[in-house]
Amino acid sequence: MSWFESLVLGLVQGLTEFLPVSSSAHLRLTAAFSGWKDPGAAFTAITQIGTEAAVLIYFRKDIGRIISSWFRSLFDKTMRHNHDAQMGWLVIVGSIPIGVLGVTLKDQIEGPFRDLRVTATMLVVVGVVIGIADRMAARDETGGRHRAPKQRKSLENLSVKDGLIFGLCQACALIPGVSRSGATISGGLFMGYRREAAARYSFLLAIPAVLASGAFEVKDSLSEGHVAWGPTLFATVIAFVSGYAVIAWFMKWISNKSFMPFVWYRVALGIVIIALVSAGVLSPHAAESG
């Protein structure tokens, strides 16, 4: 991997990680359209550490409160009803599905799931799902001629059951084209949560999963020596800077804007990819990373 490739791919990772368009799909597609080798699942997992560092800094006050309250609740029973302490447990609970499936499906994640036909299909299908969830949320928020707006849930209403459902939605993002934020936020919208509440929990929920995945890939890469460390670390820094800018914008934008521009983009991109693969312009299979 060249330094120019790492610059471009780092920007792509940072710009798409928090948007409901699938960063892993865009990394895969950027390489395919540019004629580069697939950066691979290891590159994706390691550069995501950069974007999660952006989450840690942006939500540092929330994270500090949650960690502090959670630790105190281990020894002080009166703290167990504290919302921040409960949120700590709910992040742990919600991380279980992706942890289990990430280990179980590791070979598929690094192989068959990276087929462009799978990616394109997921872009279209999940795009439609996000669109339905968005319209449902908009209907509740605005009401209609014959009904009043419906109050949607905040994170204070988050339960263990809902946390697990959020976690299962997040686990779907192991397949390129799904989108971690798209799957979890739309899952939250279907369960009746406000947009900003679903987004906030989605970003907090991603922290342990992404950091664990990145650490796992770093360990494997150190022992196997198949990662170009200079360009990969450079891409991780670029992903951090661009990711922080995107998350700051997205959290302000999401509270009163529709997801439909992302839905139409996903569907159009998926159709274009299917057409190009069918015409033989793009190979559905990834070239070996290097």
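Buried here means under 20% relative accessible area, exposed means over 50%, and partly exposed covers what is in between (1.4 Å probe, protein chains only). The model is predicted, so local features need pLDDT of at least 70 and side-chain atom pairs count only at pLDDT 80 or more, while totals for chains, interfaces and linings use all residues. Residues are numbered from 1 along each chain as its sequence is written, and side-chain values use heavy atoms, with hydrogens and water left out.

On to the salt bridges, each being a side-chain nitrogen of Lys or Arg within 4 Å of a carboxyl oxygen of Asp or Glu. Searching the whole structure turns up 9 of them. R195 pairs with D134, the closest N and O atoms sitting 2.6 Å apart. This pair links distant parts of the chain, with D134 in helix α7 (residues 116–142) and R195 in helix α10, 61 residues apart. Helices are DSSP runs (H or I, at least four residues), numbered from the N terminus. D134 is buried as well, at 2% relative accessibility.

Helix α10 also holds R200, whose partner D62 is in helix α4 (residues 60–73), 138 residues away. The side chains of D62 and R200 meet in a salt bridge at 2.4 Å, N to O. D62 is buried, with a relative accessible area of 15%, whereas R200 is partly exposed at 29%. D62 and R200 also belong to a salt-bridge network with R65 and D84. Another pair is R152 and D140, with closest N and O atoms 3.0 Å apart. R152 lies in the loop between α7 and α8 (160–171) and D140 in helix α7, so the pair ties together parts 12 residues apart in sequence. Both R152 and D140 are buried.

Then there is the largest pocket, with a volume of about 690 Å³. A pocket is an open set of points on a 1 Å grid over the protein atoms alone, where a 1.4 Å probe fits, with protein on both sides within 12 Å along at least five of seven lines; lining residues have an atom within 4 Å of a point. The volume is the space filled by probe spheres set on the points, which are joined across faces, edges and corners. Of the 32 lining residues, I98, G102, I109, L174 and S213 are closest to the centre of the pocket. Helix α10 gives the most to this lining, with 7 residues.

Notes:
Helices (H or I, at least four residues) and strands (E, at least two) are DSSP runs, numbered from the N terminus.
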